[in-house]
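Subject: Structure handover

Hello,

Here is the structure I promised you. Please open it next to this email and follow along.

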Amino acid sequence: MTPSLRLLSPTTVGDVIDEAQTILETWGVWIEHEQARAMLLEKGAKLKENRVLIPRTLVDAALESAPSEFSLWDVTGAQEYVVGGDQFRFVPGSAALEIWDDQKGKSRRAITRDLVDLARLVEKLEYLSFQSTSLISSDVPEELADRYRLYLALQFCRKPVVTGTFQEDAFPCMQMLLEIVRGGVRELKDKPLAIFDCCPSAPLNWSRLTTDALIRSSAAGIPAELISMPLAGATGPVTLLGSITQHCAESLAGVVIHQTAKSGAPIVYGGSPSIMDMRHGTTPMGAVETQMIDMANAQIGKVLGLPTHAYMGLSDAPWPDYQAGAESTMGAALAALSGINVISGPGMLKFESRQSLAKLVLDNDSVGTVHRLLRGIETREQPMALDLMEPLLSKGHLLNSGHTRKWFREEFYFPGPSVERRTDPGEESDARGAHARASDRVKKLLAEPRHPILEPRMQAEFRKIMEREFSRHGASLPPIKES
Amino acid sequence: MREQLANALLSGDDIATRDLTATLLEQGESPVGILEDILLPTIRKAGDLWEEGELFIPELLQASAALKAGLEVIKPLLPASSESMRGTIIVGTIQGDIHDIGKTLVAGMLESAGHRVVDLGADVSPQSFVGAAQREAAQLICISALLTTTMLNQESVVTERNNAALQGRVGILVGGAPVTREWADRIGAEGYAPDAFRAVQEAARLLAIVQ
Ligand code: B12
């Protein structure tokens, strides 16, 4: 039996979906993108004072055509990852403005080398299934930061990538990079390599940028991921259920736009909602209420028959301390128990604005623990203990028995540097703690030899594309530096 | 009655604040007296209570809304020369950016510190910022940016302000998640603050310079 946890009753889920549809019928959404607006009006939506009212029939049709699962393939095209059902996959939290310098103990803006290091590290962290374009490089023009992240990610990590645009003109370039890796337009459609995040703007707005990304990804066969984020108490109702309902309405509007553009294209029901901290005016992603909203949203997504996503397993602490471990580990466990398919969070700190390599290592460990938890308690042998009583009672232990040797590796998880289990780890290790142990691990992993991921031909094409982008902005593409 | 007005303001009751202000005027209280002895000290007290963790943001913002309601009644009666309010401040989120919560909090905190705040909303062009500063005779422009891409447009507001020969008369204060003190220095903005609370202190510092 796979352990699972649900916070809403089936009746409440039904009520939320019903009310969200009523919101779409009566208040509708504001859509900045003319083409998308026209497309919906043609399908029966109505325009009322600039807002597009979406009838239930359109929502139902969109839900009918959207697939309940899809697959991603890694850069080599060899490994397939199904996104759907109760399969959960962890991804580093995306688009941090700064990096926590684990050696110096302070934060700074990220540069090319950090993006490369992060991608190389994620390549090696076994419990992170996907990579993401997690950092923004401050040594390239801001206008090119979105595509530059993908350019580096694909060269240094084989895993499928969760990404997104900051500017409309980035999409074609990013699509081209993906197609080069696959070897063509058709090939990318057959074996998607990336997920594109598209964020509606709470309350109930779809900006041109995100609508454009939604439509373009549907056409390119790139799975889209809805990142609706009402802030409970600010851009959404303060009641958790109220915010969950608004999230549902915003997301359903996204599904309708996406499926109307291309019926059957893969789309994920996700989000990065948060409560508003009423004392400090911040958006705590690690707050227990935020996590409850995320869990409920995913439960609704599942009932709607869509793959799900959430920003969980992250923390608002400024650096990888006690708060960071507690919020991230609890979030990771709750997300997996909720059967959320894509879980963005590892490495992330400070309200989604900071990444740390040591924290990625620590979170990888937590996720390992969560994998163990989710395997549940399995029936290995029948009878379960009876036949072991004879050797156990005669020797007094089973330490080196065949039974123990057969099963201990499967029954127990062996945590990495985040967990200290030695009785006497030595004074130095006692004092340094998990963060220092994780920093050592980062150094060790990055010192390992690296083999190029892309063929030289692809790399040359990558450079050509980026050089063109950079020269259009009067800048030159920086050389790639690794640690 | 004076105490009732202070309580109405502190509890964010905008209708009572408006009505009690009107009643006090009818009873012969002077507009300047109501402003300086009741409204402004009370809103500052609200700010202090928030700082101490007694009041929360929703309550503080509602107290600012109540202050506005009271001001609407006395504003027309204030002599033009007695500009008792601390300063006039233009607030907005920069062009291309729709993140407006941080900006709204900054506006609310500035209001609760007793300033007159003109909130231009989000996605505001550099021309609109400077145009509004001229129209409202403001001493300060506060610009929020939450994206590394839109933050660049903050510099255009500085340029626009300088082109309008307002340097030294209208200060510029920048903020938002990707914005730093170094960035403010680089683009020639006079002020920077990391959060709404420190935005109020920084605004006070700048207002003292530009007067
Ligand atoms: C909520 C949110 C949204 C909401 C905004 C809703 C709204 N009505 O405001 C929505 C969903 C619309 C959104 C959209 C997008 N977002 Co957004 N969003 C956030 C999030 C999670 C929180 C922002 C927030 O409201 N914080 C709470 C407020 C109170 O804090 P604050 O704004 O920082 O303000 C405080 C201080 O900065 C300061 N301050 C703010 N302004 C000012 C001004 C002055 C003068 C002063 C002195 C001080 C000051 O005081 C405030 C109060 O203390 C941030 C993460 C983050 N940590 O910032 C991402 C984030 C800013 N978003 C991000 C991105 C990428 C986007 C999108 C581009 C995504 C997409 N592909 O569609 C779009 C952009 C749309 C656009 N054109 O603007 C990235 C930015 C990356 C980058 N390149 O810079 C972030 C960092 C998240 C991430 N890690 O990916 N987003």
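Below are the conventions, then the findings.

This is a predicted model: local features need pLDDT of at least 70, side-chain atom pairs count only at pLDDT 80 or more, and totals for chains, interfaces and linings use all residues. Residues are numbered from 1 along each chain as its sequence is written, chains are lettered from A and ligands numbered from 1 in the order written, and side-chain values use heavy atoms, without hydrogens and water.

**Sheet in chain A**

Helices (H or I, at least four residues) and strands (E, at least two) are DSSP runs, numbered from the N terminus. Two strands pair if DSSP finds at least two bridges between them. In chain A, 5 strands make an open sheet with parallel pairing, in the order 9-10-11-13-15. Strand 9 (131–132) and strand 15 (267–271) of chain A are at the edges with a single partner strand each, so one side of each has no neighbour in the sheet. Strand 13 (residues 224–228) of chain A pairs with strand 15 of chain A over 5 bridges, in the parallel sense. Within that pairing, Glu225(A) has Val268(A) as its bridge partner.

Helix 5 (residues 145–156) of chain A lies across strand 9 and strand 10 (161–163) of chain A, at about 175 degrees to strand 10. Axes are lines fitted to C-alpha atoms, for helices over the stretch in contact (heavy atoms within 4.5 Å). Angles run from 0 to 180 degrees between N-to-C directions.

**Hairpin**

Strand 7 (residues 98–101) and strand 8 (residues 106–109) of chain A pair in the antiparallel sense over 4 bridges. Asp101(A) stands opposite Lys106(A). The hairpin has 4 residues between its strands, and Gly105(A) takes a positive phi near 70 degrees.

**Aromatic pairs**

Rings of Phe, Tyr and Trp (its six-membered ring) pair if their centres lie within 6.5 Å; planes under 30 degrees apart count as stacked, over 60 as edge-to-face and the rest as tilted. The count is 10 aromatic pairs over all chains. One of them is tilted: Phe171(A) and Phe196(A), 4.7 Å centre to centre, with 45 degrees between the planes. Phe171(A) belongs to helix 6 (residues 170–182) of chain A and Phe196(A) to strand 11 (residues 194–198) of chain A, so the pair ties together parts 25 residues apart in sequence. Buried means under 20% relative accessible area, exposed over 50%, partly exposed in between (1.4 Å probe, protein chains only). Phe171(A) is buried at 1%, and Phe196(A) is buried at 0%. Tyr148(A), Tyr151(A), Phe462(A) and Phe470(A) form one aromatic cluster.

**Cores**

A nonpolar core is a set of buried Ala, Val, Leu, Ile, Met, Phe, Trp, Tyr and Cys residues joined through side-chain atoms within 4.5 Å. The largest has 121 residues; Ile300(A) is among those that touch the most other members. Leaving out residues up to four places away in sequence, Ile300(A) touches residues including Leu8(A), Ile244(A) and Tyr269(A). A second, separate core of 48 residues includes Leu5(B) and Leu173(B).

**Cobalt and Arg158(A)**

Which protein donor does the cobalt atom of the ligand have? It is His99(B), through NE2 at 2.3 Å, and it is the only one. Donors are N, O and S atoms within 2.8 Å of the metal (3.2 Å for Na, K and Ca); water is not among the atoms, so sites may look incomplete. His99(B) sits in the loop between strand 1 (88–93) and helix 5 (101–112) of chain B.

Arg158(A) is in the loop between helix 5 and strand 10 of chain A. Arg158(A) is partly exposed, at 29% relative accessible area.

Best wishes
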